[in-house]
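Work through the exercises below with the model open. Each one has a task, then a solution in steps.

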Amino acid sequence: MALSARLTAALGRHPDELSEDDLQRAVDNRIPEGLDLDWKKDFYKGTDAGKKELAKDVSAMANTSGGMIVIGVDDGKQDHAHGLAPNDPDPNRGEEWIRSVLANWIQPVVPNVGVRPLRSALHEGSVYWLLTVPLSTQAPHAVSAPGNDYNFRVHVRHGTTTRTLAESEIAQRYRDRFQAASVDVDHLREIADAGLRHLGSQLSVEVPIGGSLMDHEPGWMSLTAVPTVRGSYPLTTQTERTAAFNRFQGIAVQGVTRALMPDHPILAGRRQLRFEGTPTGHLHQDGSFWSALLLNIGGDRRRPEGPKLLYQHGLELGLVAQVQAAAAWAAATGAAGDIMFEAALHHYGGSDVPLRLATSADAFQRGPVSPVPATPAQTTADLAALTLSKQEAVVVAHILASDLLADMGAHEPELLTADGRIAADKLNSEWRAELTGWH
């Protein structure tokens, strides 16, 4: 989970990796509370007042800058880590209870809250609780008792405490949310347009056999991705771009196929690095991503005078690989929250060139005839879920592929399922061998 650099620096390591020794060092160094850190001696009570306090603390951090709540460290009423005070575990109030309270007492629910128990070695049987709260892109989050729709309160961190927002401040927070969503859409459009300009320039190069690359490789599939909470990855110097390129190669190897394995050379760009060939791609320092893969388009041997065939298997698996790579790059930059995707098909031989869908070169059955869709497919997904689950990447790719293929007259994808599976039994042996990252 991406949290502030200040918090990581103050605690000595990332909050997800904290140990009891780290908490003791925080006490020894009198690490102070702040906007993003709250020491609490006692676990929240099981009463409505206790549940409300938990909801208030978590929503306030999500509404402000994100941060961490550590239960089991006494602040000595001095607003800094004063002493270790792990709690005796309550079988009725553990992680499930915490998540239930957050789900029922905060509207909308704060996404991606981390809940981690840390057993004490110094106090046998006792436990600390570490709650990590990301800055939310869905703020403001309000606290309300279940069933009470008329008692909303919106809280934010104010120094080492929390305060309640006035009505005018809440209205401004909602305006900020809608403005942020508009900015994300504009950013996605800028990246997609820049990527397509670069691809068009690359394909306009003349080749020895005559014509341009565009004449010989007219069909492409692009994916644009923008995280709602931007990351930061140094891409200013050649050394930094080389390090990022090498890291992305490691990401590409772990995909469902190696379709996103980039070629050298590494190209410079403003706050980004680029690579050309198949695939072509842009990696942005804020975690945004653009890539393009060559579509598998071939002649129809049974109907040589008819439309060329667009093979679905390559399209669908390539889309999964692109989604995986985009999410992994965003996570590598420290991005968080949701991630917006836009997938599009392009035919540089003309937007009205008809293609006939075919599941694969081995399949006898042929599908409908249609030009590639004029409208991209879009969806939004949870970045943390994507980085933790290969199945989640298939779910996202299924949504995008379903929309693109539907515009071409197909009812649904051939390989990808809505519950995150790949129907590998429909692949020939060559394609099954390509599934390097799917077990």
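## Exercise 1: Placing a tryptophan

Trp431 sits in helix α11, residues 429–434. The model is predicted.

**Task.** Decide whether Trp431 is buried, partly exposed or exposed, and find which residues Trp431 is in contact with beyond its neighbours within four places in sequence.

**Solution.** 
1. Take the relative accessible area of Trp431: 23%.
2. Buried means under 20% and exposed means over 50%. Trp431 is therefore partly exposed.
3. Set aside the neighbours within four places in sequence. Trp431 is then in contact with His313, Gly314 and Leu317.
4. Compare sequence and space for His411. Trp431 and His411 are 20 residues apart in sequence, and their C-alpha atoms are 23 Å apart.

## Exercise 2: Two helix pairs

**Solution.** 
1. Two packed helices are described by the angle between their axes and the distance between the axes.
2. Start with α3 (residues 48–64) and α4 (residues 95–105). Their angle is about 80°, and the axes are 9 Å apart.
3. List the contact. From α3 come Asp48, Lys51, Lys52, Leu54, Ala55 and Val58; from α4 come Trp97, Ile98, Val101, Leu102 and Trp105. These residues comprise eight nonpolar, three charged and no polar.
4. Turn to α8 (residues 312–332) and α10 (residues 390–406). Here the angle is about 130° and the axes are 8 Å apart.
5. The crossing is right-handed.
6. List the α8 side: Gln312, Glu316, Leu319, Val320, Val323 and Gln324. These meet α10 residues including Lys390, Ala393, Val394 and Leu405. The residues of the contact divide into 10 nonpolar, two polar and two charged.

## Exercise 3: A four-stranded sheet

**Task.** Give the strand order of the open sheet that holds β5 and β10, and say why one side of each of these two strands is left without a neighbour.

**Solution.** 
1. The order is β5-β8-β9-β10, with antiparallel pairing.
2. β5 (106–107) and β10 (161–164) stand at the edges. Each has a single partner strand, so one side of each lacks a neighbour in the sheet.
3. Check one pairing. β9 (residues 153–158) and β10 share four antiparallel bridges. Val156 has Arg163 in β10 as its bridge partner.

## Exercise 4: A covered strand

**Task.** Determine how many residues of β7 (residues 127–133) are buried, and which way they point.

**Solution.** 
1. Count: seven of the seven residues in β7 are buried.
2. In a regular strand the side chains alternate between the two faces of the sheet.
3. Val127, Trp129, Leu131 and Val133 point one way from β7; Tyr128, Leu130 and Thr132 point the other way.
4. Find the partners. β2 (residues 67–71) pairs with β7 in the antiparallel sense over five bridges, and Gly67 stands opposite Val133.
5. β6 (residues 114–119) pairs with β7 in the antiparallel sense over six bridges. Arg119 stands opposite Val127.

How values were computed
Residues are numbered from 1 along each chain as its sequence is written. This is a predicted model: local features need pLDDT of at least 70, side-chain atom pairs count only at pLDDT 80 or more; totals for chains, interfaces and linings use all residues. Side-chain values use heavy atoms; hydrogens and water are left out. Axes are lines fitted to C-alpha atoms, for helices over the stretch in contact, and angles run from 0 to 180 degrees between N-to-C directions. Contact means heavy atoms within 4.5 Å. Ala, Val, Leu, Ile, Met, Phe, Trp, Tyr, Cys and Pro count as nonpolar, Asp, Glu, Lys and Arg as charged, and the others, Gly among them, as polar. Two strands pair if DSSP finds at least two bridges between them. A crossing is left-handed if the near helix is turned anticlockwise from the far one by less than a right angle, and right-handed if clockwise. Buried means under 20% relative accessible area, exposed over 50%, partly exposed in between (1.4 Å probe, protein chains only).
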